[in-house]
Structure formats: C-alpha cells, structure tokens
Amino acid sequence: MMSLRGEAVVLIGFMGSGKSSVGRHLAKRCGLPRYDTDEIVSARAGLPITEIFAQRGEDAFRVLESEALAQIPVEAAIVVTGGGIVLRTENVRRLHQIGLVVHLTADEATLFERVSRRATRPLLETENPRSTLSELLRVRDPLYRAAADFTVDTSRLRHEEVAEAILTKLESLRQTAPADSHE
Ligand code: S3P
C-alpha cells in the first residue's frame, strides 16, 4: 500500500477527464479517504448539481464549491474537484495547501464523447455543446496547467492505468525531492 506522507493527491481537470473514477480507484488502491467537492456541495445543499445550477445559478454554486474545498481537511487523502475549481485563485491556493495537484487531461474529442454519455453537466446544456466545450477548454486549459504539479493524459488509458501512472509519478517525485518539500 502506498503512503502519501500526510498530504493528499488532488485531482483537477476538465469535465470528462476521469477525475471521479480515477479518484475512486486511487482511494481504494491506497486505502485512503476520498473527498469530492461536487459530492460535498450536493450533500450540503441537499440537491443534485444540476438543480443547484437551475435553481440558484453558477455564481451560487461557485460559492458553495469554495466552501466545500475550504472544509476538506489537510490529510493523506484523495481529493476530487469539479472542473471549474481553478476559476478562483483562492481555490488554487487551497488546492496546494491540501496536497499535490494532479491535472488529468484528454483530447477534446475524447472529453466530448465522455461527457455526452450522461446529462449531468449543466454548463454544457447549450445549443451547441461541442463548441461550448471547446471554448471552456480554451479558457481553462492554461489554468489547469498553471495550477498543476504534473499532468496525465487519460485519452487512451483505462482508469486503473491512470491511477498507476499517478502513483508511479509520485514515487519518482519522492525519490528526487526532499521528504517534506513540495510547492
Ligand atoms: C463544472 C464541472 C462539474 C461540476 C459542475 C461545474 C465545471 O464537475 O462541478 O457541473 O465548471 O466544469 P465535473 O468536472 O466532475 O464534471
């Protein structure tokens, strides 16, 4: 079993990049608690994310999302975030307090194919979801990259393989860095 030396692995990335599934895998594999900002928001509001957007709007959701992130304890854990977490700089600061920030990415066609499987993404409920995705990705990709300690392309990998790639990368970082250093 992998020890994470007291800090979390935080997954960020666009909708459909695999954060939730990979997060579940990692948590199980490492025997660690898992925190998911969308799950926390939804549980606290007593509503699914789609309903929060419909009834209260995106701005209200973002406030709840930052509150959820702020309440996640700093401990060895797997933390899964919503795709918009990097939109607020206060969130990005918090992500780095919580742990090592891993960016999951995938090519646009793959992301679109994955998000099209279920209608759970209010931001993509537009006339042309394909171009909305493209535009959101254009704006956000630099934010994910700036916030990330490293990036894993999940386009051609199964969830278990992504989890494996993350653990391998963590191991190599650990061997090259002093025990308690991380940006
Ligand atoms: C959002 C992504 C969603 C969820 C909400 C907003 C976004 O999470 O937080 O619908 O702004 O990209 P996933 O990335 O898990 O789909």
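The lining of the largest cavity has six nonpolar, three polar and one charged residues. Here Ala, Val, Leu, Ile, Met, Phe, Trp, Tyr, Cys and Pro count as nonpolar, Asp, Glu, Lys and Arg as charged, and the others, Gly among them, as polar. This is a predicted model, in which local features need pLDDT of at least 70 and side-chain atom pairs pLDDT 80 or more, while totals for chains, interfaces and linings use all residues. Residues are numbered from 1 along each chain as its sequence is written, and side-chain values use heavy atoms, with hydrogens and water left out.

Stay with the cavity. On a 1 Å grid over the protein atoms alone, a cavity is a set of points where a 1.4 Å probe fits but cannot get out; lining residues have an atom within 4 Å of a point. The count comes to one cavity of 30 Å³ or more. About 30 Å³ of space lies in the largest cavity. A volume is the space filled by probe spheres set on the grid points, which are joined across faces, edges and corners. The lining includes F14, H103, L137 and Y144. β4 (99-105) and α7 (129-147) each supply at least two lining residues. Such helices (H or I, at least four residues) and strands (E, at least two) are DSSP runs, numbered from the N terminus.

Now turn to the largest pocket. A pocket is an open set of grid points with protein on both sides within 12 Å along at least five of seven lines. The largest pocket holds about 870 Å³ of space. Of its 33 lining residues, S20, D38, R118, T120 and R121 are the closest to its centre. Two or more lining residues come from each of α1 (19-30), α2 (37-45), α3 and α4. α1 gives the most, with four residues. By class, the pocket lining divides into nine nonpolar, twelve polar and twelve charged residues.

The ligand sits in this largest pocket, meaning that more than half of its atoms lie within 2 Å of the pocket's grid points. Around the ligand are 14 residues (a heavy atom within 4 Å). K19, D38, R62, R121 and R140 come nearest. This shell divides into six nonpolar, three polar and five charged residues.

Taken alone, the ligand exposes 380 Å² (Shrake-Rupley method, 1.4 Å probe). The protein buries 95% of that. α3 (49-56) and α4 (58-71) each give two or more residues to the shell.
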